[in-house]
Amino acid sequence: MSGRIITALTAILLCCGCYDSFKPPQNDYPARQTDATIAELQNMWPGKTMIVTENIVIGGNVTSSDRAGNFYRTFTICDGTGGVEILAGAYSLESVYPVGCFVNVRLQGCAIDSNYGILRIGLPSYGGENSEPEPFESAVLLDRYIIRDGTVEKPQIPLMTLPQLSQSLCGCPVTIQNLHSTEIPAVWNGYRHFSDNDGNDIYTYTREYADFAEDAIPETQVTITGILMYGYISREAGNGFIIKMRNREDCSTPNG
């Protein structure tokens with residue numbers, strides 16, 4: 001095989017949307033150096049797709065995983081002031097951006113919009129400045145905009161009650177106790193309604209391709225952890241808070 005062919009194959013492998021292992025890339029930008037918090041970025045967002053022209057860097061710890069299939073080619077980060085979703089567009093993200101991994105995001109040249117209350121970061125669309133951001137897709141582009149510092153820390157997830165939830169928390173992980181489903185018997189697939197002991201409501205959302213989508217919802221009170229969202233659920237429910245679980249272990253019962 002000629003050297004030219006080998007070089008071409010190497011370039012193709014580097015540009016594919018799949019990683020094999022967690023290896024911090026070499027990068028000249030110092031990790032953990034940020035110019036803005038996520039809360040400040042949320043305040044900058046004008047309510048429509050925004051193209052970032054300034055040299056702004058945010059940072060945070062990864063708070064979701066694609067391993068169970070409920071997050072598809074995306075991951076979320078949180079810095080304690082808010083959360084955002086990265087439209088990675090790659091597979092096997094858990095191996096590169098494991099939960100707890102700290103990343104910086106270089107926003108200059110990125111496009112930002114919002115979906116279900118969560119700011120989403122990707123690349124500008126060919127459809128124009130008002131179009132939804134496009135995924136980064138390739139490892140080369142991800143490494144250009146997403147800088148990992150190699151440390152992994154277990155995220156500190158706050159225990160909250162339903163009345164404490166606010167839309168400013170969308171994109172962040174939360175844990176809610178003493179919930180029970182009103183749809184027993186049922187499986188997780190789709191939107192599922194839960195309420196607390198005071199009758200406050202929340203929903204969960206599970207993709208049909210998640211590996212726990214067809215698991216039965218426990219018939220006892222449960223504790224649920226996941227990424228908080230807010231938006232339209234159904235004609236009957238209207239808008240409301242939603243938790244997107246990362247895996248089946250994000251739901252626990254008093255017996256474990």
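Buried residues, meaning those under 20% relative accessible area with a 1.4 Å probe and protein chains only, make up 46% of the 256 residues in the protein chain. This is a predicted model, in which local features need pLDDT of at least 70 and side-chain atom pairs count only at pLDDT 80 or more, whereas totals for chains, interfaces and linings use all residues. Residues are numbered from 1 along each chain as its sequence is written, and side-chain values use heavy atoms, with hydrogens and water left out.

**Overall architecture**

- The secondary structure of the protein chain comes to three helices and 15 strands, taken as DSSP runs numbered from the N terminus (helices are H or I with at least four residues, strands are E with at least two).
- Among contacts, defined as heavy atoms within 4.5 Å, between residues at least 6 apart in sequence, 66% join residues at least 24 apart.
- Carbon and sulfur atoms account for 49% of the accessible surface of the protein chain, which comes to about 12700 Å² by the Shrake-Rupley method with a 1.4 Å probe.

**The largest pocket**

- The largest pocket holds about 420 Å³ of space, where a pocket is an open set of points on a 1 Å grid over the protein atoms alone at which a 1.4 Å probe fits, with protein on both sides within 12 Å along at least five of seven lines.
- Its lining has 21 residues, of which T74, E85, N115, R120 and K244 are the closest to the pocket centre; a lining residue has an atom within 4 Å of a point.
- The elements that give two or more residues to this lining are β7 (118–122) and β13 (222–234).
- By class, the lining of the largest pocket has eleven nonpolar, four polar and six charged residues, with Ala, Val, Leu, Ile, Met, Phe, Trp, Tyr, Cys and Pro taken as nonpolar, Asp, Glu, Lys and Arg as charged, and the others, Gly among them, as polar.

**A buried asparagine in a strand**

- N104 is found in strand β5 (residues 101–106), and this residue counts as buried because its relative accessibility is 0%.
- The side chain of N104 reaches the backbone oxygen of I58 at 3.4 Å.

**Two partly exposed loop residues**

- D215, in the loop between β12 (201–206) and β13, counts as partly exposed because its relative accessibility is 28%, a class that lies between buried and exposed, the latter being over 50%.
- Not counting residues up to four places away in sequence, D215 touches A186, V187, W188 and R248, and the C-alpha atoms of D215 and N189, 26 residues apart along the chain, are separated by 8.3 Å.
- P124 lies in the loop between β7 and α3 (139–145) and, at 34% relative accessibility, counts as partly exposed.
- With residues up to four places away in sequence again left out, P124 touches I51, G109, C110, A111 and E134, while a separation of 9.6 Å lies between the C-alpha atoms of P124 and F136, twelve residues apart along the chain.

**Positive phi values**

- Most residues other than glycine have a negative phi.
- R73, in the loop between β2 (57–62) and β3 (75–78), has a positive phi near 60° and is a residue other than glycine.
- N178, also a residue other than glycine, has a positive phi near 55°; N178 is found in strand β10 (residues 173–181) and counts as partly exposed, at 37% relative accessibility.

Note on methods. Grid points are joined across faces, edges and corners, and a volume is the space filled by probe spheres set on the points. A polar contact is a pair of N or O atoms within 3.5 Å; within protein, one must be able to donate a hydrogen and the other to accept it, and residues adjacent in sequence count only if both atoms are side-chain atoms.
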